[in-house]
Amino acid sequence: MYQASNEEHPIEIVNIASLEGKVKADMEVGAFGYIRGGSEDEWTMRENTASFNQKKIMPRVLRGIDHADLSTKLWDIDLKTPIIQAPSAAQGLAHEKGEADTAIGVAATGSIFSISTYANTTIEAAAAAAPGAPQFFQLYMSKDDGFNEFILEKAVKAGAKAIILTADSTLGGYREEDIINHFQFPLPMPNLAAYSEQSASGDGEGKGIAEIYAAAKQGLVPEDIKKIKDLTQLPVIVKGIQSPEDAEVAIAAGADGIWVSNHGGRQLDGGPASFEVLPAIASVVNKRVPVIFDSGVRRGEHVFKALASGADLVAIGRPIIYGLNLGGAQGVASVLEHLNKELSITMQLAGTKTIEEVKNTQLLD
Ligand SMILES: Cc1cc2nc3c(=O)[nH]c(=O)nc-3n(C[C@H](O)[C@H](O)[C@H](O)COP(=O)(O)O)c2cc1C
């Protein structure tokens, strides 16, 4: 039987990069490989973090900044920080409380939690774990319209504030570590299970990634955005945008938000770093809808640079799963608090007091 962590305490963090080694020491090898890994040579994955060094922040002084104010808004949702959690599947691999603990940890920092279609926790249980806190539902659209309607209705009923349509993962990237480890999900995915009680399509347990993605709709089209909006009456954010052209298509099709991401380098290897494509996308979006950014963010200064390059919010993937593994809900909060602390220091040293001022900062080449 798969044994996940049951730690529940704050974690000491010197820097986010050091968490990976601590998790590796105790986690089952297949689960760790699935969480850490990227696709093929992991070149794009490495570039995601390395690319932040291509831009510099000018230190500014004598501006009377005695503290930084991280508060911000997405639509009418008040947030204590622009740093949010990126939807990630199968968090039962990291902790026995899975997504429920992540939801609690994220809520404690006044941020947004998003639950994946392929979570190990139901949408309802994640919502109940952090009542009143803003949550989004991330949809892997299915070929089966019955499933889409079923799961979206659940998300609406659970109080989701938006639907994230992930467009860059209609199939899994070629992740060699999962092949070497013959990785199969050891735990059920209850959002799939709830529907499979009606359709016998299975609950994900004992399946490999390719088998899970096989049920997803490979032929996603812009019209799918409107379909989701009509079904839910909620804002739809399209995740996995890496080109200005695709951002334009998504907005024309009704997208209420653009999520710039290359899935943390887990999908197309050989593509650009997510940070590299952000300015051109933000420029095309031109503030018509909010821009959320992720992939490779490991420092407060990375968050600062993304905000200064056109992002409204910045999302964190793997480090939050590592925090969950090392300390449960409190470990998740520790990761977000650490990044908030680094961002706060960066803001003050750059002479910026508010997130709006960060967004108006010019980075140096
Ligand atoms: C283990 C793992 C599972 C993921 N599962 C999903 C998912 O179910 N849906 C989704 O939209 N993105 C998923 N992602 C991608 C994240 O949302 C995010 O784009 C990525 O992790 C950001 O990169 P970072 O890990 O470098 O921060 C997953 C990422 C990881 C590491």
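Take Thr 232: is this residue buried or exposed, and at what relative accessibility?

Modeller: Thr 232 is buried, at 5% relative accessibility. (Buried means under 20% relative accessible area, exposed over 50% and partly exposed in between, with a 1.4 Å probe and protein chains only.) This is a predicted model, in which local features need pLDDT of at least 70 and side-chain atom pairs pLDDT 80 or more, while totals for chains, interfaces and linings use all residues. Numbering runs from 1 along each chain as its sequence is written, and side-chain values use heavy atoms, without hydrogens or water.

Thr 232 belongs to helix α10, residues 223-232. (Helices are DSSP runs of H or I with at least four residues, strands are E runs of at least two, and both are numbered from the N terminus.) The side chain of Thr 232 has a polar atom 2.8 Å from the backbone oxygen of Ile 228. That is a polar contact, a pair of N or O atoms within 3.5 Å; within protein, one must be able to donate a hydrogen and the other to accept it, and sequence neighbours count only if both atoms are side-chain atoms.

Now to other buried residues. Val 303 sits in helix α13, which covers residues 300-308. Its relative accessibility is 0%, so Val 303 counts as buried. Glu 342 is 39 residues from Val 303 along the chain, yet their C-alpha atoms are 9.2 Å apart. Phe 150 is part of helix α6, residues 145-158. Phe 150 is buried too, with a relative accessible area of 18%. From Phe 150 to Ala 194 the C-alpha distance is 9.2 Å, across 44 residues of sequence. Val 260 is in a strand, β8, which runs over residues 257-260. Val 260 is buried at 0% relative accessibility. Between Val 260 and Glu 211 there are 26 Å, C-alpha to C-alpha, and the two are 49 residues apart in sequence.

Next, the ligand. Its shell holds 23 residues, and Pro 87, Ser 116, Thr 166, Asp 294 and Arg 298 come nearest. (Near means that a heavy atom of the residue lies within 4 Å.) Two helices, α2 (29-36) and α14 (318-349), each give at least two residues to that shell. Ser 261 places a polar side-chain atom 3.3 Å from a ligand oxygen.

Finally, two loop residues. Leu 62 has a phi near 60°, a positive value in a residue other than glycine. Leu 62 lies in the loop between α3 (43-50) and β1 (72-74). Leu 62 is exposed, at 88% relative accessible area. Lys 287 also has a positive phi, about 65°, and is not a glycine. The loop that holds Lys 287 runs between α12 (274-285) and β9 (291-293). Lys 287 has a relative accessible area of 78%, so it counts as exposed.
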